[in-house]
Amino acid sequence: MTRRILTVALAAAMSLVASAQKPGQPSWLSDAVVYQIYPSSFQDSDGNGIGDLPGIASRLEYIKSVGVTAIWMNPIFVSGWTDGGYDVIDFYKVDPRFGTNTDLVNLVEKAHSLGIKVILDLVAGHSSDQSEWFKQSQEAANLRYSDYYIWPSFKPEMPASDGPQDYYALMNSSAGIISKFVKSDAPRGPYYIKNFFDTQPALNFGFANPDPEHPWEQAVDAPGPMAMRRELKNIMQFWMDKGVDGFRVDMAASLVKNDFDKSATIKLWKEDLAKWFHENYPENLLIAEWFNPSQSIAADFNIDFFCHDGTYNYSTLFFYNRRGRGAGNGPVYPYFDLEGKGELKTWYDLYTFQYEAVKGKGYVSMPSGNHDFNRLCDGARTSTDQLKVAMTFFLTMPGVPFMYYGDEIGLKHIAGVPAVEGGGGRCGTRIPMLWDSSENAGFSTAATEKLYLPQDPDPSRRTVESELADPNSLLNYVKRLLELRKEFKALGADADWKLVSSLEQPYPMIYQRGEGESRCLVVINPSAKQVSAAIPTEGVQPKVIGGTGKKQSYKAGKTEDKIIAAGCSATIYKF
């Protein structure tokens, strides 16, 4: 009898724990901190000037010491290298530049021994034109891989601008469908459809509304698209069965064509791919590069990004001279700039919509940067104080934090570096990591001119070695922030968030984390000037638990509390 009561009590307790977790969420995700690594630029172990998997494995202790619990690596599979690894030739094999499949398994095992999860980058929407799949598909219909790709028999004309735009927005792109038709002399047909570069033929997951006039438009449940789904599951299963902990899915919204509202793509993930993933690997992570969490979380992803692309982005916070803004009117200042001429409303409206749309279901995550846009340390925002203020924001917001390698030491964006492997202007954000004062800053023993990309040439550049030695460095500050986030659940992924300062007076930005007795208040002032604000009273004098340490004051009142924030400062209060 006693045993039965104990069993029932235990089951009830487990039920309560389970109900507190978000549906489909790995148990470790609420406390996760993800570190993105561009493999070619992180650590070279064999002296050829290009980073590799053994190099990454050799730096895992450092990564753990920062407070990171998971790494996400950009594509490591065999590639044609026309788009930084995003043109995959063989999804089942590590590219020799990075090592072998065994090197990856060894990295995963070492990472797990340190309590670090390993996330791979999955290019789901296209392959390389050098893939054996594509080579066979070019030959004829009715072969194994024939319908893995889309082979139009003719090139439709662009619809009139005032008429139906059935082809104009293929793949959520601003480019017309006509630009996606690539001329081919293959026996299979005169054209194939690409996703981005000509070397990246689109994989065939079908069309949302197949046009009978276009015989190449297969339905999403046609044999070809269904075979493609099975292949994608096979790829994921192959790597997860070797210990990999999940995937970040490149351009996850691009799979179904002519799917303007993304309903067919959402259904594809929710009812098949993501459903299969969560049922078979419930402790593994599925991250979308969708840039619209309200859609991707509905598609059953765990996380989506709110950063540089799409309608929902944070460009007004961090980007200088934004596209389409400030033309002829002088420079456009982002919010995080010493001039204090930025605004919050644009970002706030976009972010609030997404945050409320997915709250309790998944995460909106704002990364400190990534491989496709300028680094945080860029333009007029390069001082340690400025970067501390920005990192305070990133690491005290809800959602799962993502840090781009080097952002924890203030690695600079270097404009004008040579473009390699299709990177174009993005190469300035992919420069090699700076570890110490040795040759090539400890990245590689290769001759400097043989490095994958040039490093920051500044003689006073920050390195991990110099940052660790300075108690007031950005790196040590980031470590303290992550310790605070771990110690105080009010600063964590799941705690509530609300802006309490005025949008009409954007400096300082003040937001509350948590609810009830567990509350924190974060005060951010990226401008160079001292600023003050009044907020509705919290009814108690808070305690400072973190921040940049600059002069600040908080005076609790009966109806309102008055806050003074020093120039370029951040303060975290606990109630």
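This is a predicted model: local features need pLDDT of at least 70, side-chain atom pairs count only at pLDDT 80 or more; totals for chains, interfaces and linings use all residues.
When I speak of a contact, I mean heavy atoms within 4.5 Å of each other.

Phe488 sits in the loop that runs between helix 13 and strand 13 (497-499), and, leaving aside residues up to four places away in sequence, Phe488 touches Ile545 and Lys574. Is Phe488 buried or exposed? Its relative accessibility comes to 17%, and because the cut-off for buried is under 20%, Phe488 counts as buried. For a sense of distance, take Gly423, which is 65 residues from Phe488 along the chain: the two C-alpha atoms are separated by 40 Å.

A second residue that I would like to treat in the same way is Ser79, which belongs to strand 3 (residues 77-79). Ser79 has a relative accessibility of 8% and so counts as buried, and its contacts, again not counting residues up to four places away in sequence, are Gly85, Asp87, Val88, Ile89 and Asp95.

Let me go back to helix 13, this time to look at its packing. Helix 13 (residues 474-487) has a partner in helix 11, and the axes of these helices come within 10 Å and cross at roughly 20°. Since angles under 35 degrees count as roughly parallel, helix 11 is described as roughly parallel to helix 13. As for handedness, the crossing of helix 11 past helix 13 is right-handed. Which residues make this contact? On the side of helix 11 they are Thr384, Leu387, Lys388, Met391, Thr392, Leu395 and Thr396, and on the side of helix 13 they are Leu474, Tyr477, Val478, Leu481, Leu482 and Arg485. Sorted by type, the residues of this contact comprise eight nonpolar, three polar and two charged.

That brings me to charged pairs. In general, side chains of opposite charge can pair when their charged atoms come close. How many salt bridges does the structure hold? The count is 22, and I will go through a few examples.

Another salt bridge joins Glu538 to Arg519, the closest N and O atoms being 2.1 Å apart. Here the pair links distant parts of the chain, 19 residues apart, with Glu538 in the loop between strand 16 (531-536) and strand 17 (543-547) and Arg519 in strand 15 (residues 518-525). Glu538 and Arg519 are both buried.

Arg426 counts as partly exposed, with a relative accessibility of 24%.

Key. Residues are numbered from 1 along each chain as its sequence is written. Side-chain values use heavy atoms; hydrogens and water are left out. A salt bridge is a side-chain nitrogen of Lys or Arg within 4 Å of a carboxyl oxygen of Asp or Glu. Buried means under 20% relative accessible area, exposed over 50%, partly exposed in between (1.4 Å probe, protein chains only). Helices (H or I, at least four residues) and strands (E, at least two) are DSSP runs, numbered from the N terminus. Axes are lines fitted to C-alpha atoms, for helices over the stretch in contact, and angles run from 0 to 180 degrees between N-to-C directions. Angles under 35 degrees count as roughly parallel, over 145 as roughly antiparallel, 65 to 115 as roughly perpendicular and the rest as oblique. A crossing is left-handed if the near helix is turned anticlockwise from the far one by less than a right angle, and right-handed if clockwise. Ala, Val, Leu, Ile, Met, Phe, Trp, Tyr, Cys and Pro count as nonpolar, Asp, Glu, Lys and Arg as charged, and the others, Gly among them, as polar.
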